[in-house]
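Subject: Structure for your review

Dear colleague,

Please find below the structure that I am handing over to you.

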Amino acid sequence: MRIRIVDAFSDRPFAGNPAGVLLFDAPPAFPDDAWLHKVAVEVNHAETAFAHPLPEGGDADWALRWFTPATEVDMCGHATLATAHVLHSTGTTTGPVRFATRSGVLVATPNEDGSITLDFPTAPLTEEPVPAGLADVLGARPLSAYDTGRSVGDLLVELPDEKTVRALAPDLKTLAARFERGIIATAPADDPAADHDFVSRCFFPRVGIDEDPVTGSAHTALAPFWAERLGRSDLTGLQASARTGLVRVGLRGARTLLTGSAVTVIEGELTA
């Protein structure tokens with residue numbers, strides 16, 4: 001079968017977040033979980049997406065699952081974007097695509113400019129105390145902390161400014177050992193005239209991802225967080241990892257729209 005590596009949330013190669021994408025022709029179910037996990041380990045990117053078509057007339061067009069090198073995850077924005085990009089760029093489908101996932105039906109809609117918009121559930125935010133010791137592990141003191149609910153499952157922490165977010169060098173070994181959830185660190189853009197409204201960085205060492213380059217699912221929490229503070233429902237987030245990537249977000253109540261581009265950089269044949 002064909003296997004592809006796609007850089008998501010980027011309009012150029014070697015930026016954004018790479019994801020493996022495998023499309024099965026029409027199996028009645030996914031292959032064995034152990035095999036899916038081995039492929040994800042072999043690909044060794046933050047996520048590898050596996051999808052197969054569903055019978056016509058149902059609530060969704062494709063079944064979709066995501067695996068990190070360590071585990072299966074409930075939600076992944078960049079690998080969903082990558083999968084939709086492959087479906088459209090290969091002519092496998094046109095128009096919106098409905099994916100059946102662990103997080104319900106997620107819709108990916110192509111735009112005239114070549115970007116793709118994902119319709120995801122908005123993460124519920126609940127403020128909670130900053131965990132003891134987190135400031136030492138991050139190397140910066142959070143202003144506030146928020147639980148992001150079951151689908152995202154990480155801790156969103158607010159930092160004072162963009163410079164602090166960019167300079168983070170957390171103790172990842174201690175973070176993985178002492179804290180059960182990943183960390184989404186965020187701050188407002190330093191320059192009001194910049195091409196982004198806020199910045200973020202995401203650290204998930206417990207699931208085998210020390211720092212995720214661009215995290216779509218995190219933006220379902222960042223969207224309501226910054227919409228409330230900035231007074232606008234349509235914003236652009238910059239994930240300030242080494243690869244960087246822009247995510248345009250649109251808060252629509254219980255749903256969040258995530259828009260970005262994607263580029264296929266590797267295509268080959270999986271023989272195992």
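What is the volume of the largest pocket? The model is a predicted one, and in it the largest pocket comes to about 520 Å³. Its lining consists of 30 residues, and those nearest the pocket centre are Val73, Val152, Gly153, Asp154 and Val207.

Several elements contribute to this lining. At least two residues each come from strand 5 (72–73), helix 2 (77–89), helix 4 (149–152), helix 6 (172–178), strand 13 (198–204) and strand 14 (209–212). Helix 4 provides the largest share, which amounts to three residues. Sorted by class, the lining of the largest pocket holds 12 nonpolar, nine polar and nine charged residues.

The second largest pocket has a volume of about 240 Å³. It is lined by 17 residues, with Phe9, Ser10, Asp11, Gly245 and Leu246 closest to its centre. Strand 16 (245–252) and strand 17 (255–260) each supply at least two residues of that lining, and strand 16 gives the most, namely four. Here the classes divide into five nonpolar, seven polar and five charged residues.

I turn next to the aromatic residues. A pair of aromatic rings is described by the distance of the centres and the angle of the planes. The model contains seven aromatic pairs. One of them joins Phe24 and Phe30 in an edge-to-face arrangement, with 6.3 Å from centre to centre and 80° between the planes. Phe24 and Phe30 are both buried. Another edge-to-face pair is made by Phe50 and Phe67, at 5.8 Å centre to centre and 85° between the planes. This pair links distant parts of the chain, as Phe50 belongs to strand 3 (residues 47–53) and Phe67 to strand 4 (residues 62–67), 17 residues apart.

Why do Phe50 and Phe67 count as buried? The cut-off is a relative accessible area under 20%. Phe50 counts as buried because its relative accessibility is 0%. Phe67 is likewise buried because its relative accessible area is 4%. Ring pairs also connect Phe24, Phe30, Trp35, Phe50 and Phe67 into a cluster.

Arg65 lies over the face of Phe30, 5.3 Å from the ring centre. Arg229 is placed over the face of Phe225, at 3.6 Å from the ring centre.

The last topic is strand 11 and its partners. In a regular strand the side chains alternate between the two faces of the sheet. Strand 11 (residues 155–158) is covered on both faces: Leu155 and Val157 lie on one side, Leu156 and Glu158 on the other, and all of these are buried. Which strands pair with strand 11, and in which sense, parallel or antiparallel? Strand 10 (residues 144–147) runs antiparallel to strand 11 and is joined to it by four bridges. In this pairing, Asp147 stands opposite Leu155 of strand 11. Strand 12 (residues 183–188) pairs with strand 11 in the parallel sense, again over four bridges. Glu158 has Thr186 of strand 12 opposite.

With kind regards

Notes. Residues numbered from 1 in each chain as written. Predicted model: local features only at pLDDT ≥ 70, side-chain atom pairs only at ≥ 80, totals over all residues. Heavy atoms only, no water. Phe/Tyr/Trp six-rings, centres within 6.5 Å; stacked < 30°, edge-to-face > 60°. Buried < 20%, exposed > 50% of the residue type's maximum accessible area, 1.4 Å probe, protein only. Lys NZ or Arg CZ within 6 Å of the ring centre and 35° of its normal. 1 Å grid on protein atoms, 1.4 Å probe; cavity = no way out; pocket = protein on both sides within 12 Å on 5 of 7 lines; lining within 4 Å. Points joined across faces, edges and corners; volume = space filled by probe spheres on them. Nonpolar A, V, L, I, M, F, W, Y, C, P; charged D, E, K, R; others polar. Pairing = 2+ DSSP bridges.
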